[in-house]
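Dear colleague,

Please find below the structure that I am handing over to you, together with its sequence. My findings follow it.

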Amino acid sequence: MENTAPLVWLILLLPLAGAFFNGVVALFVPAVRKEGLIGTVGTAVVAIPFILAVYLFVGFQGEPIVAPFYTWMAAGDLHVEFAYRIDQLSLLMTLIVTGVGALIHLYSAGYMHGDRGYWKFFAYLNLFIFAMLNLVLGNNLVVLFLGWEGVGLCSYLLIGFWYEESSNMEAANKAFIVNRVGDFAFLMAMFVLFHYLGALDFGTILRDGPGLPQGTLNWVVLLLFIGATGKSAQIPLFVWLPDAMAGPTPVSALIHAATMVTSGLYLLARLSPLVLNAPAIMIVIAIVGSLTCIMAATIAITQNDIKKVLAYSTISQLGYMFMSAGVGAFFVAIFHVMTHAFFKACLFLGSGSVIHGMHHVEHDLEHHGVIPSRHVPETPLDSEATQHPLRHNPLPYDGPFDAQDMRTMGGLYRFMPITNVTFLIATLAIAGIPPLAGFFSKDEILSQAFAYGYDGHGYAWFVWIVGLITALITAIYMTRCYVLTFLGKSRWPEAEKVHPHESPWTMTLPLIVLGLLSVVGGFLGLPHLFNWPSWIHHWLVGSAGEAGPVAQAVVGPFPEQYELIEILLIIVGALVAIVGVFFAWYRWRRYGVDYDATVRRRFGALYRWWERKYYWDEAYQKGVVAPVVEGSREGLAPFDQRVVDGAVNGLAKLAYGAARGLRVVQTGIVQNYAMAVVLGVVLVVALMLFV
Amino acid sequence: MNTTLDWYLALSAVLFVIGVLGVLLRRNVIVILMSVELMLNAVNLTLVAVSQGRADVSGQILVFFVMSVAAAEAAVGLAIIIAIFRNKLTVDINDINLFKY
C-alpha cells in the first residue's frame, strides 16, 4: 500500500488538533464552549482516525510500514526520529484505542452534560488519545515513552478533573507519583539498551536485542516489566488504580480499563522476542501477575462501591494478561486486552449510566427532604430539607448519599432496561460464560498456561491453578455486582416514589455496541481444537511462512491424547464460570445485601484482610510516604531555606555590603575628583619613566 | 649663562604646577577656571619653546588649536558657573556637592 504515511500522520494529528481546539481555542474564545460543538469535534477527531485505521487494516499487506515524520534528536550516537510503525500489533491496538475511544467520547458527550469544564474534559480526552496513539504507533522506545508519559499526564489531569475536591487531587497525585516509579525503571531499561545497542528503534532492538548477554537482557526485561507494573497496575505499583475511580466514569472506562492500563502489555508484546530470551524474568512476570490476579479478585468481593469493584476487577484481569505473557503466549495477552476492552468499557460505562440515574434519585430525595442536602443553602429558606430536620439516617451507611454504593441500589432493571441488558452481557462475558468474549480469551490463557506447564515449566502449573480459582472468584464477585445493582428490591429510601430513568442515546448507544462486541469479540480467537481458526493468532504471530510482530514460546509437540486434555480444560473452565455465576446469582438474589454479612462471618479474619485491601495503602503510607515527607520536612526543607536561599541572599548581601563600602568615594567635592585625576596622571607618567 | 631650552621648559613646568595647585586648592570657582587657563598657557609655552628649538613650525600650529579650544572652554565654563550661581548663589566649590552619596 503506497502513500500510507499521510494517513498515519492524520490519525495521529487529528486528536491533537481536537485537543488544541477544545482546549486552547476554547480557553481564549469562550464563545466556542458550546456543548454541541465541543462534543462533536471531540468525538469526530477520534472517530475519523478509527475509520482511517480500518482502511489501513483492510489494506494491510503483511509488511510493516514505517512512516517517519521528522528527526527529534540527533546528538552524537543518539539518533531519534518521530517515526511511526504500522504492523499487525500496532494496527490492532490503534483500532481498539480509537474504536473504544470514539464510543467513550460519544458517551462523555452525554455523561458530562452540564459540567462547567465540559470543554476541558474533551481537550484532555483528545490529548489522551493522541498520547496513546503515539505509544502504540511509535517505531522506537523514545516515542513510545513520550506516549507513556503523555497518558500518565492525561490520567492525572482527568482523575483530578473535579479539582475543587481535594481528595480527587490526592488520587491524581498518587496515580502520577506511583507511575513515576515505574517510569524510572523504564528509563533505566532504555539507558541500558542504548548503551549496548546504540539505538532505540524497534528494528535494532528486535534484531540485536535477543543476542545480548543473558545478565544484561534479564535486567532490561526486568526493568521494563517494573515499568509495566506501574502503568498496568500490578503488584507492587497497583495502588493508584482504585483511587483513580475518583475521576469521571468515562475516564475510568477509557483510561483505567481499556487503554492506558494495557500499555504495559503492549510493551511486553512489542518486545516479546527479548522477553522470550529472558526465561528467568518470565517466571517473575507470571508469578507477579498470578498473585495480583487473585489478590485483586478477593478484594473485589468485599467492595460496596460499584466502581471499586470494577477497578479491582481490572487489576485482576490485567493480572491474567501478565500471566499469559509470563508463559510466552503474548498474543493471547493482546487478545485478552481486546476482549477486556470491550466488556470492561461496557461495564464501566454501564456503571456510569447507573450512577447517572442514582444522581437523579439523590437530587429527588434531597428535594423531598428525605436526605440532607449536600450543599449549604444560600438562605435558610433555600431548600425544604432545612425545614424537615432528620432524626435518623435512612441510609444503611454513614454519611451522605453515595450514588455509587450498591447498598442503596437494586431493582434497576425496571428503570434502565438497556443498561441492564448490556451490563448483564458484559458481566457474563467477564465471568467467562461461553460463547461470550471473555470465555475465549480467558480460556486461551488457561490452556496456554497448562500447555507450558505440560511442556516442562513447572511454574506454569501455579499460573494455571491461580487462573482457574480466580475465574471462579471473578464469576462470583461480578455476578454479585450485577445482582445487587439491577435485581431485587430497590433499597434506596422512598423507592416507591422516586426512581431513576434510562440514560440518553449518547450513553446507551455505546453500551449497545460494546455489549455486542462482548458477545462476538471472542470468535476472533478460537482455541486451536479441531482445526478451528484463530484469526488473532494468525494476525499477530503469523503463520509458518511469515512471522508476525508478536513472538510466541515454542511448546510441544504434544502426543495425541493432549487434545483430549484440552477439551477437558475448556469444559472445566466453562463449568467454573457457570458454577460461579449460578452460585452468586442464587445467593445474592435470595438474600440481597445481607448475604455479604454471611460471607463476612464465614471468612472471618480473611474477609477483613480482603476488605482492608491487604493493608497495602497503610504499608506504603508507613513505609514510604511518611518517611519521605518527614525527611523532606526535617532535612530538605531547612537545606533549601538555609543553604540554597542563604547562598542567593548572601550574594545579594555581598553586593550590598561592597557598595556601601565603596560609595564613600563619592564625596561630591569636585577637587577630590580633580585630585584623583592628578594622581592618576602622576602614576602613569611614573610608570612610563621608570618601568 | 645662556637661556637654553631647558629654562623655557622649566618655566612651563612651574607655571603648570602652579595651575594644578590652583585647581586643587582654591575655593573660588572662577579662580579654579583661571588656574585651568594657566595650565593651558603653560602648555602653549612648552610647545613654542620646543618648536623654536627644533626649527619645526608644527608646535606653533598646535598652539593655535590649543588657544581656540581654551577660549571655547572658558566660555562654556563661565556659562556653567553663572547657571550654578543663579541656583545656589555661591561660588564656593565646597558648597557645590550635589553628587555626594
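The notes that follow take up conventions, the interface, salt bridges, backbone geometry and surface features in turn.

This is a predicted model, in which local features need pLDDT of at least 70 and side-chain atom pairs count only at pLDDT 80 or more, while totals for chains, interfaces and linings use all residues. Residues are numbered from 1 along each chain as its sequence is written, chains are lettered from A and ligands numbered from 1 in the order in which they are written, and side-chain values use heavy atoms, with hydrogens and water left out.

**The interface between chains A and B**

Contact here means heavy atoms within 4.5 Å. On that basis, 12 residues of chain A are in contact with 14 residues of chain B. The two chains bury about 970 Å² between them, 64% of it from carbon and sulfur atoms; buried area is the accessible area (1.4 Å probe) that two parts lose on being put together, summed over both. On the chain B side, the residues that lose the most area to chain A are B:Leu24, B:Ile93 and B:Tyr101, which together account for 56% of what that side buries. Helix H1 (residues 5-25) of chain B supplies the largest share of the side that touches chain A, namely 4 residues. Helices are DSSP runs (H or I, at least four residues), numbered from the N terminus.

**Salt bridges**

Over all chains, the structure holds 16 salt bridges, each defined as a side-chain nitrogen of Lys or Arg within 4 Å of a carboxyl oxygen of Asp or Glu. Burial is described by relative accessible area: buried is under 20%, exposed over 50%, and partly exposed in between (1.4 Å probe, protein chains only).

In chain B, B:Arg27 and B:Asp92 form a salt bridge (3.8 Å, N to O). B:Arg27 lies in the loop between H1 and helix H2 (29-54), and B:Asp92 in the segment after helix H3 (58-88), so the pair ties together parts that are 65 residues apart in sequence. B:Asp92 is buried, at 17% relative accessibility. In chain A, salt bridges that share partners join A:Lys174, A:Asp243, A:Lys613 and A:Asp617 into one network.

Two further salt bridges in chain A may be noted. A:Glu494 and A:Lys497 meet at 2.8 Å, N to O; A:Glu494 is partly exposed at 29%, whereas A:Lys497 is exposed at 61%. A:Arg207 and A:Asp208 meet at 3.3 Å, N to O, with A:Arg207 exposed at 59% and A:Asp208 partly exposed at 32%.

**A:Thr229 and backbone geometry**

A:Thr229, in helix H8 (residues 214-231) of chain A, is buried at 2% relative accessibility. A polar atom of the A:Thr229 side chain lies 2.5 Å from the backbone oxygen of A:Ile226. Leaving aside neighbours within four places in sequence, A:Thr229 is in contact with A:Gln234, A:Ile235, A:Pro236 and A:Leu237. The peptide bond from A:Ile235 to A:Pro236 is cis, with omega near 0°, and A:Pro236 lies in the loop between H8 and helix H9 (240-243). Another cis peptide bond joins A:Pro434 and A:Pro435, with omega about -5°; A:Pro435 is in the loop between helix H16 (417-431) and helix H17 (437-454) of chain A.

A:Tyr615 is not a glycine, yet has a positive phi of about 55°. A:Tyr615 sits in the loop between helix H22 (594-611) and H23 of chain A and is partly exposed at 30%. B:Leu89, likewise not a glycine, has a positive phi of about 55°; B:Leu89 is in the segment after H3 of chain B and is exposed at 64%.

A:Val648 lies in helix H23 (residues 616-662) of chain A and is exposed at 53% relative accessibility. The C-alpha atoms of A:Val648 and A:Ala605 are separated by 57 Å, the two residues being 43 apart along the chain.

Yours sincerely

Technical notes: Helices (H or I, at least four residues) and strands (E, at least two) are DSSP runs, numbered from the N terminus. A polar contact is a pair of N or O atoms within 3.5 Å; within protein, one must be able to donate a hydrogen and the other to accept it, and residues adjacent in sequence count only if both atoms are side-chain atoms.
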